[in-house]
Every structure is written in C-alpha cells, then in structure tokens.
Amino acid sequence: MAVTATIPLHPALCGEAPREVFAAGELRATLHRYASGVAALRVSNARGLIEILPWMGGMIWAARFDGVDLTMASGFDMPRPATVIGGTYGCFAFHSGLLRNGVPTPEDDHAPHGEFPCAEMQSAWLEWGEDADGPYLRAVSARDHVMGFGPHYLAQPSVTLRPGRSLFDIGLAVENRSGKPMELMYMCHVNFAFVPGAELLQAAPYTPDRVAVRRAVPAHVTPNPDYLALIEALASDPARMAKLDEPHLYDPEQVFYLSGLGRDGDGKTHLMLRRPEGDGFALSYDPEALPHCVRWILNDPDQKVAAFALPSTCQPEGYATEKRKGHVRLLPPKGRVDFAVRAGYLDRDAAARLAGTISSLA
C-alpha cells in the first residue's frame, strides 16, 4: 500500500465556510464547522460524499451516494458536542467500545457503548495513495488513551473512499501500549436508514438457530404485553422480519443476533438491505475478526434506523454479562488488531449481483 501524500488536518482550519484541503481527480476533501461548534471533514467522489467528525471519535456523521441518503433519521439536525453517544445520536456510524461496550446493566458502571464513540481525537490527517485496488483517499484520526493505573491504548479510526465507488471502508486499528493484557470490546455500529418495504438479505437462513431475537428488554424500553408477545413470536419465526413491511413492529426496537453467516472465497460475509426500488445498502466484513453480528431495527416517531448488520467482537449486553459469556477479548501487551468493514450504497445492477452472491452463501 503506497501512500503518495499525507496531509495533516487541524481544527483551526474549520470555519463556517467550507475550506477545500485536498483535490485530485474526482476525489475531494473539505473542512467546515457546524453551528454547534463541531468540526467536520467531508470527503467526496463523483458519486457521493461521506462526512466524518475527525476529532470526535472518528464518527461518520452522514453518507449519501447517487442522491440516496444512507443515514438514520433522528431529531439531530447536526452533530452536538457530547461525551456519550446519546448526546448526538443521529450519525451514520460510530466506533462502539473499546474497553467496555453495549447497554450497561445494573452490574455495570460504564457508559452506553463505552468510552470511545465521542472521544476526543488528538490528531487527524488525510492519506492519498494507490494500492492493488486502485487510488484512494483515506481520513485517519488518532487517540492515545492512557489512564494512571489503568489501560493505555492507541486507536486509529479511518474511512477510505475511492474514485467512482459508492462502497467505502470503515477501519479501526487498536494497539495495546500497556505492559499488561487489555480487555477489548468492539462493535462497528453502522446506522443505515429505515426503509419501509425493504428486504434484509443475509448469508444464512431465517431460522431460530441462526437469527435469535434478543429477549432481554433494555432499560430504555417500557414493555407491554403486545411487545412481549411479539418477541416470543419472532423467537419462533424470525423470517417475519426478513422484509420491513410491518414498520409498526419496530416501535419499540427489536434486536436480533445472527450466527453462522456464509463466507465467500476471500473469507467475507455480505449483507444487504434491498430497497423497493431495487437498489440497496450493503455491508461486508470478515467474521473471523468480528465473530458476532447484531441487527437493530427501530422505527418510532423520533428515530428511524435499520442497523441490519453490526459486526462486533461481542454482543451488546454490557460488560458484566459479556464477561460471563466469555466474549471479552484480551489484547496482549504491545498487541495490535485491525478491524475492517466495507459499507455503502449499491445501484440496481450492483445490488442484483450482490443478492446472487448472498444467496449462494446462505
């Protein structure tokens, strides 16, 4: 992988008016600052754009390709300064973890989804280069997280965009800089838009052993008899949610755990939300690196999201529960791990091809 140029980025460059900081062919990068004060980086090609918050967890605030908005709907019209993800929950994707993850139970003392989603990044830069897959523009952020008598890690979230592509790569590199093993819990939390009538395609059958509904009711949900009855119905027949043709079923939310997803010759599994128009949203990753896959669907008056695939190292039940399950990974001293997820948009022809691939792997 050859990096032709590295361009440092600084928050002081961000103002009300967009400032172009990179241009090469159809690849562009501009900085700006929202009225809320949050600094943002927009990377684009001829087909669309991705908006990143380089100094706020490396979060991806928005993504739009071929005129289609990929991002969940929420009450947030812009990112807001926050220390926990609930303070700015309107983004396309965030890095959930890293020391703790998921929804805390009464046994836990961590924030929902851990310390990293809104963490302050200490540096950010662009990399322009070319590899075996062609030219690319990559946005990278870095945080050296250190606590006295506690963990010490370097985390580098990244987003890679290529010319003419509507799929892009979401990356996270984590290095344990401590002399002791470090507990690691990570989820790539990609919040695609909810699309009524969409089909959810996956490389596994919709059977209870491969698509398990989450029976535990989170603290922010007030259950009623109908909601609890629906969970029982989905537990025996998860195929009911293979198509989002009953939008009311997802108020409150429903969560599913996917397992045994088929893999292609490169070791990747693929999932897709196919819109009624025939195009779709897609996500691909390596289940060896991210052995768990969570599906979160919510369609209430304030939030509408079809997070149809959340690849992760654990399930989102909070630290204590996941520790008992054996889902908390240990990163050895000076050890490093690199996570990679490809996500984005597919036009009708590309969606039809991916649907065929997914069907062959199921």
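Modeller: Ser 158 is placed in strand 11, which covers residues 152–161; a strand here is a DSSP run of E of at least two residues, a helix a run of H or I of at least four, and both are numbered from the N terminus. The model is predicted, so local features need pLDDT of at least 70 and side-chain atom pairs count only at pLDDT 80 or more, while totals for chains, interfaces and linings use all residues. Residue numbers start from 1 along each chain as its sequence is written, and side-chain values use heavy atoms, with hydrogens and water left out.

Ser 158 counts as buried because its relative accessibility is 13% (buried is under 20% relative accessible area, exposed over 50%, partly exposed in between, with a 1.4 Å probe and protein chains only). Contact means heavy atoms within 4.5 Å.

Next comes strand 12, residues 167–176, which runs antiparallel to strand 22, residues 336–346, with nine bridges between them. Strands count as paired if DSSP finds at least two bridges between them. In this pairing Leu 167 is opposite Gly 344 of strand 22. Strand 22 also pairs with strand 18, residues 280–285, again in the antiparallel sense, over six bridges. There Phe 281 stands across from Tyr 345 of strand 22.

Asp 109 is exposed, because its relative accessible area is 77%, whereas Ala 119 is buried, because its value is 9%. With neighbours within four places in sequence left aside, Ala 119 touches Trp 55, Met 56, Gly 57 and Arg 143. For Asp 109 and Gly 318, 209 residues apart in sequence, the C-alpha distance is 9.4 Å.

Glu 16 sits in another loop, the one between strand 1 (2–9) and strand 2 (19–24). Its relative accessibility is 80%, so Glu 16 counts as exposed. The C-alpha atoms of Glu 16 and Tyr 34 are 6.8 Å apart, at a sequence distance of 18 residues.

Now the whole chain. It has three helices and 22 strands. Its radius of gyration is 20 Å, close to the 21 Å of the globule rule for 362 residues, so the chain is as compact as a globular protein of that length (the radius is taken over C-alpha atoms, and the rule is 2.2 Å times the number of residues to the power 0.38). The C-alpha trace spans about 55 × 55 × 45 Å along its principal axes. Of the 362 residues, 57% count as buried. Among contacts with a separation of 6 or more, 63% come from residues 24 or more positions apart. The chain exposes about 14,900 Å², with 53% supplied by carbon and sulfur atoms; accessible areas come from the Shrake-Rupley method with a 1.4 Å probe, and for residues only the protein chains shown count as cover.
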